[in-house]
Amino acid sequence: MKKKIWIITLFPQMFESFIDVGVVGRYFDGVNAEIECLYLGDFSPKSFKGADGAPYGGGPGMVMRADVLEGAIKKVFSNYSDPSNLEVIYTAPRGEELTNKMSRKLASDFTAAKGKDFVFICGRYEGIDERFIEQYVTRIISIGDFVLSGGELAVMTIIDSFSRFIDGVLGNSESFEDDSFEEGLIEGPSYTRPEIFNGVKVPDVLLSGNHKLINEYRVKKKLEFTKKLRPDLYALYENNRGKK
Ligand code: SAH
């Protein structure tokens with residue numbers, strides 16, 4: 001069966017170019033998988049308009065209704081003989097924080113032989129009714145300690161990040177092995193043509209053709225950048241190295 005990612009959102013149009021373009025588009029074209037967006041507005045009962053209500057107890061803003069969200073998720077469930085085998089992901093500041101390590105795990109969970117399909121719930125307003133989270137959500141992920149106005153960008157961030165770890169998505173030329181975080185370090189500087197830009201020449205060693213020297217230079221720069229720009233990561237790296 002085709003692997004599938006479902007997205008439940010009030011703004012399906014936000015996903016159109018995301019799905020078509022770049023790494024994610026290539027992945028979903030290249031392998032047997034697809035993304036389908038469900039528009040939440042289609043699941044609000046006739047008795048009221050929209051998908052939100054005022055919060056019980058008062059306070060500013062609106063809350064997304066559990067019954068409307070349930071309508072959408074039941075539609076997703078109707079495609080599966082065993083809906084308990086779906087990973088239903090809500091994004092929120094309170095969730096576990098997205099890291100490269102988590103993305104790698106999401107990719108392997110998604111592509112495993114009996115891997116789960118994913119359902120992403122995009123929150124808006126002040127968030128979603130807690131009862132929906134308790135009854136349907138299997139996992140909550142945050143993309144960082146800040147507040148977005150909606151879950152759509154968070155969902156795109158998560159999908160973009162884990163798709164890169166799926167075999168066949170990145171070509172050799174953009175393998176993730178050298179990327180930031182892979183060894184607990186961030187990536188060093190990159191250069192391309194022109195060789196001299198506003199009077200500044202590309203470092204000689206990169207033009208030398210000597211792979212051993214180039215490699216040494218890159219490792220040195222990674223360490224330098226990490227120490228300077230991410231002292232927190234550098235301390236961890238040093239600490240882990242000490243243990244080896
Ligand atoms: N009142 C909520 C924030 C609501 S923001 C709070 O204080 O926690 C509206 C929606 O944006 C949320 O439902 C959530 O889906 C999404 N969102 C906001 N910040 C996010 C973050 N850091 N990571 C992932 N999703 C986030």
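Tutor: A residue is buried when its relative accessible area is under 20%, exposed when over 50%, and partly exposed in between, using a 1.4 Å probe and protein chains only. The model is predicted: local features need pLDDT of at least 70 and side-chain atom pairs count only at pLDDT 80 or more, while totals for chains, interfaces and linings use all residues. Residues are numbered from 1 along each chain as its sequence is written, and side-chain values use heavy atoms, with hydrogens and water left out.

Student: What share of the residues in the protein chain is buried?

Tutor: The C-alpha trace spans about 70 × 45 × 45 Å along its principal axes. Of the 244 residues in the chain, the buried share is 41%.

Student: How many helices and strands does the protein chain have?

Tutor: Both are DSSP runs numbered from the N terminus: helices are H or I with at least four residues, strands are E with at least two. Counted this way, the chain has nine helices and nine strands.

Student: What distance separates the centres of domain 1 and domain 2?

Tutor: Domain bounds come from an automatic or database domain assignment. Domain 1 covers 3–163 and domain 2 covers 180–243. Taken over C-alpha atoms, their centres are separated by 37 Å.

Student: How many residues of helix 6 are buried?

Tutor: Helix 6 has twelve residues and reaches 16 Å from its first C-alpha to its last, close to the expected 16 Å; the expected span is 1.5 Å times one less than the number of residues. Among its buried residues are V155, I158 and F162. L153 also lies in helix 6, but counts as partly exposed at 47% relative accessibility. Helix 6 is mostly covered, and its buried residues number nine.

Student: Which residues make the nonpolar surface patch of about 270 Å²?

Tutor: Patch residues have over 30% relative accessible area and no salt bridge; like charges are joined within 9 Å, and nonpolar side chains (Val, Leu, Ile, Met, Phe, Trp, Tyr) within 5 Å. Accessible areas come from the Shrake-Rupley method with a 1.4 Å probe, and for residues only the protein chains shown count as cover. The patch is made by F146, L148 and L153.

Student: Which residue forms a salt bridge with D117?

Tutor: A salt bridge is a side-chain nitrogen of Lys or Arg within 4 Å of a carboxyl oxygen of Asp or Glu, and the structure holds 19. For D117 the closest N and O atoms are 2.9 Å apart, and the partner is K3.

Student: In which helix do R241 and E238 lie?

Tutor: R241 and E238 form a salt bridge, their closest N and O atoms 3.1 Å apart. R241 is partly exposed at 48%, as is E238 at 33%. They are three residues apart, about one turn, in helix 9.
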